[in-house]
Amino acid sequence: MDMEVSRSWRDPELWVKALPSVILQTTCFLAPLVMTFVLTFQKTQNFQLNWTWNLATWTDVFSKPHYWTILGHTLVMAVACVAVCIVIALPIAYGLATRFKRLDSEIKVLITFAFITDATLKTFGWVLFLDKKGAANYLLMQMGFPPETVAFLFTDWATLLGMVYNLLPFAIFTIYLSIDNIDRSLILAAYDAGAGKFRAFWEVTLPLSRPGIWAGSVLIFLLGVGVFLEPKVLGGGKSPMSAELIRQTFETRVNWPLGAALTLVLMAVAIFVVLLFSRVAGMRKAGQ
Amino acid sequence: MSKTWYSDLPQYYQRQIRAMGLDEAGLNRRRLLKGMAGAAGVAVLARMSARQAQAATQMTYMCWEGYNDPRIIDPFNKANDTEISFDLIVDSPGGFAKLQAGASREVDIVSSDMPWITRMGPAGLAMELNPDDYKDVYADFYDQFKPPFEPLMNDGKTIGVATRWGWVGPCINTDVTKPEVWKTYDAVFDPANKDKICVMDWGDWPILPMALHAGINPYEPLDEKQLNEVRLVLRAMFKNTRTLVGDLTQAQKGLLDGSLLGCIGAGSYLTSAVRKQGHKNIMAIVPEPKNGLKQGIIWVEATAVLKETDQPELSQNLLKHVVSKDAAHILALLDSTCNVVTNKAVESVFTPEEKDILQMDYMWHAYDNSQMHRIAPNIDEMLAIWQEELAAAQ
């Protein structure tokens, strides 16, 4: 006998079941967010927080163009990182899920290792490699290249390299899972229908791996807007991104209201971009 | 073949599991819970035994790494039956902000940069100290740091006791550049040095020397015109900057391998650890006075006792211990950084090699040609200018 499931919000059982999650979300996410918002209407004087309600911080945020320059730079870098990661991750994930199926478990272990290896260690490793007097230039000089052939450390390119390097496993893993879950019979059916390998990939595998590509993109974008290690260590700190600006504002300037406002602006813009992409993706899907 | 809890793993791991006898254990819920209960029991027992071993008094010390060196702290713990836990700070403003946010109720004593210790006075965080209670301590001090030591005073009251010090000035590799070149900061702006200058990204540390170079005394209230001069000098500095680093090792590596000609916004704090490793070609110097302004900056670390401490006497004893001869000797020659201390008596235990590491033959020259670092009235405006110019330079 089928029982009718009550979906009403008045259903007490639903409330009881949802209560732990509601409490957790309220105390761990919503309350700090509300506090952050409240903080933006206070001000600091002599490095001390004064609980006096005012709009000075928001006036500052919207009147100083450099906050928006840094935010724009952050978004560009994050989007570039997403694009590069997806382009690199897609063939890797495809190869891992199809050609190297026998090594499935080993590959999962390796990807897990990439997640648990400290990003600080990996990032500083790149400095040793890319530096003017680093390993890359040494090796190239041994091969007859002129000194300092590799000279892009402390530029945005180096920052992007670090971001891609540290965030790539997220893209590989999500896309790999997506491709791995594709029903092989669908691809075989495409071959039976006369499609070549490329066409089968383009018309069957790629569309079906979209959930993984999308999940990976969102993950990398959100992590990308929050990076501070790569611009600082590999970018040489000369092209700061939003996370570093927020850190400086909180820690060095001890201006908590401004730091809180910049945090909220970054969150809002990041969510807006994700929603925008999701809307565009949704429209394209509906159009197909 | 029946499916086991590990049959999905690669053969290699399966063999390892069987070899270790873990296959027979079988990871079921009951066993897992049993294991967890056992682990919890062990944890409770460990906690109980730890409690039995606990000292009579618990204290919390907020400080830079190094002040927590066991060679400094263990003798104090033993002598006073205390157990000190540490709240290590990575930057002074962050530590100050944390105290303001409520950590002042937990922390008993703080060792941080002097301007932030002094700020604890008007913020109502620090206990006012009676210099008479510290006569024995000050008897061993260099005259420069004896009371009344104005930079550590608020409304005529002493807020803390100076512990370590050093100077801010160009850090150079004498194999690559000559100290004479750095008698002024002009080399920072020389187009020939483009992409060879490192700037230490430590809050106000790089801003203040640049202001002094521009003929502005940052330790006095500044008007719009003077702030604009600071803006222009920072803008020019960013043009030649190869990298801004927040990490000492990056700057030290660049100086050692010669990829960086000079590092500004740092000083003896950066060079001493490298000198300790035998690289005496790395040194921190102070430019000559310019436009009537001394170009070097003396930084001082100080220790203060929190107003809300429940151990005022013990905290003051710890403060006295930290600046004592034996503790100060250790504090002067840590692995991460080496710096001169305020206790003159330590000189008698320094070896000539240790004195050389600390550039002690140079320290009073540096002191005489430097401003004493203190609260810069317009530092927030200058930090905002820094952010603006950095964003514009990208």
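These legends describe close-up views of a predicted model. Local features need pLDDT of at least 70, side-chain atom pairs count only at pLDDT 80 or more, and totals for chains, interfaces and linings use all residues. Residues are numbered from 1 along each chain as its sequence is written, chains are lettered from A in the order in which they are written, and side-chain values use heavy atoms, with hydrogens and water left out.

**View 1. The contact between chain A and chain B.**
Chain A brings 37 residues to the contact and chain B brings 38. Contact means heavy atoms within 4.5 Å. About 3200 Å² is buried between the two chains, and carbon and sulfur atoms give 54% of that area. Buried area is the accessible area (1.4 Å probe) that two parts lose on being put together, summed over both. In chain A, the residues that lose the most area to chain B are A:F47, A:K238 and A:R253. Together they make up 21% of what that side buries.

Four salt bridges link chain A and chain B. Each has a side-chain nitrogen of Lys or Arg within 4 Å of a carboxyl oxygen of Asp or Glu. One of them joins B:R242 to A:D131. Their closest N and O atoms are 3.6 Å apart.

**View 2. The side of chain A that touches chain B.**
Elements giving two or more residues to this side include β2 (48–50), α3 (65–98) and α12 (242–252) of chain A. The largest share, six residues, comes from α12(A). Helices (H or I, at least four residues) and strands (E, at least two) are DSSP runs, numbered from the N terminus.

**View 3. The largest nonpolar core.**
This core has 127 residues. Its members are buried Ala, Val, Leu, Ile, Met, Phe, Trp, Tyr and Cys residues joined through side-chain atoms within 4.5 Å. Buried means under 20% relative accessible area (1.4 Å probe, protein chains only). B:M120, B:F145 and B:W167 have the most contacts inside the core. Strand β12 (residues 296–305) of chain B gives the most to this core, seven residues. Among the residues that B:M120 touches are B:F96, B:L125 and B:A304.

Methods: Buried < 20%, exposed > 50% of the residue type's maximum accessible area, 1.4 Å probe, protein only. Lists of a residue's contacts leave out its neighbours within four places in sequence.
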